[in-house]
Amino acid sequence: MITLRINGEKHTIDVAPDMPLLWVIRDIIGLTGTKYGCGIGVCGSCKVLLDNSPVQSCMIPVSTAEGKEILTIEGESDNLQLLQESWVELNVAQCGFCQPGQLIAAAALLDKNENPSDKDINEAMIGNICRCGTYQRIKDAIYRTVELKNQN
């Protein structure tokens, strides 16, 4: 048995310890916001926060995540909620498939850097592919989130 803490909720599951965390999140727990993209850790669609660090959940064995805090796109954090507001306001998503991973990466960035530069954003988002090419809107939404945070 493996016990995971996902979005603040405890889940005890009986799966093989080498099962990818992505399959546990989606197929066992039923949180389907985290997407399967490439399966080899390069597209970013499956990104989650593991103890506040962005990871490709398709590459992480579930046993590695035991005892750690996991945040998915369905979870809540101050930065994630503000980013989601900015995403909607600026109509960032086109097809939307990559957006969960993009939002998780952006939340991780803002958790570490409250006022990122273009370079900081580019570096933080490099592991996320958007086939629709909404990179500038993503960057604009990150800057909008910084503005919203500074208004409060």
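Mentor: Contact means heavy atoms within 4.5 Å. Helices (H or I, at least four residues) and strands (E, at least two) are DSSP runs, numbered from the N terminus. This is a predicted model, in which local features need pLDDT of at least 70, side-chain atom pairs count only at pLDDT 80 or more, and totals for chains, interfaces and linings use all residues. Residues are numbered from 1 along each chain as its sequence is written, and side-chain values use heavy atoms, with hydrogens and water left out.

Trainee: Which residues are buried in helix 1?

Mentor: In helix 1 (residues 21–29), Leu 21, Leu 22, Val 24, Ile 25 and Ile 29 are buried. Buried means under 20% relative accessible area, exposed over 50%, and partly exposed in between (1.4 Å probe, protein chains only).

Trainee: What covers the buried residues of helix 1?

Mentor: The cover includes strand 1 (2–6), strand 2, strand 3, helix 2 (62–65) and strand 5. Just after helix 1, Gly 30 has a positive phi of about 90°.

Trainee: Turning to the sheet, what is the order of its strands?

Mentor: The five strands form an open sheet in the order 2-1-5-3-4, with mixed pairing. Two strands pair if DSSP finds at least two bridges between them. Strand 2 (9–13) and strand 4 (53–56) are at the edges with a single partner strand each, so one side of each has no neighbour in the sheet.

Trainee: And how does strand 3 run relative to strand 5, parallel or antiparallel?

Mentor: Strand 3 (residues 47–50) and strand 5 (residues 69–71) run antiparallel and are joined by two bridges. Leu 49 is opposite Leu 71 in strand 5.

Trainee: Where does helix 4 lie?

Mentor: Helix 4 (residues 99–112) lies across strand 3, strand 4 and strand 5, at about 35° to strand 3. Axes are lines fitted to C-alpha atoms, for helices over the stretch in contact, and angles run from 0 to 180 degrees between N-to-C directions.

Trainee: Lastly, at what angle do helix 3 and helix 6 cross?

Mentor: The axes of helix 3 (residues 78–89) and helix 6 (residues 135–151) cross at roughly 125° and come within 8 Å.
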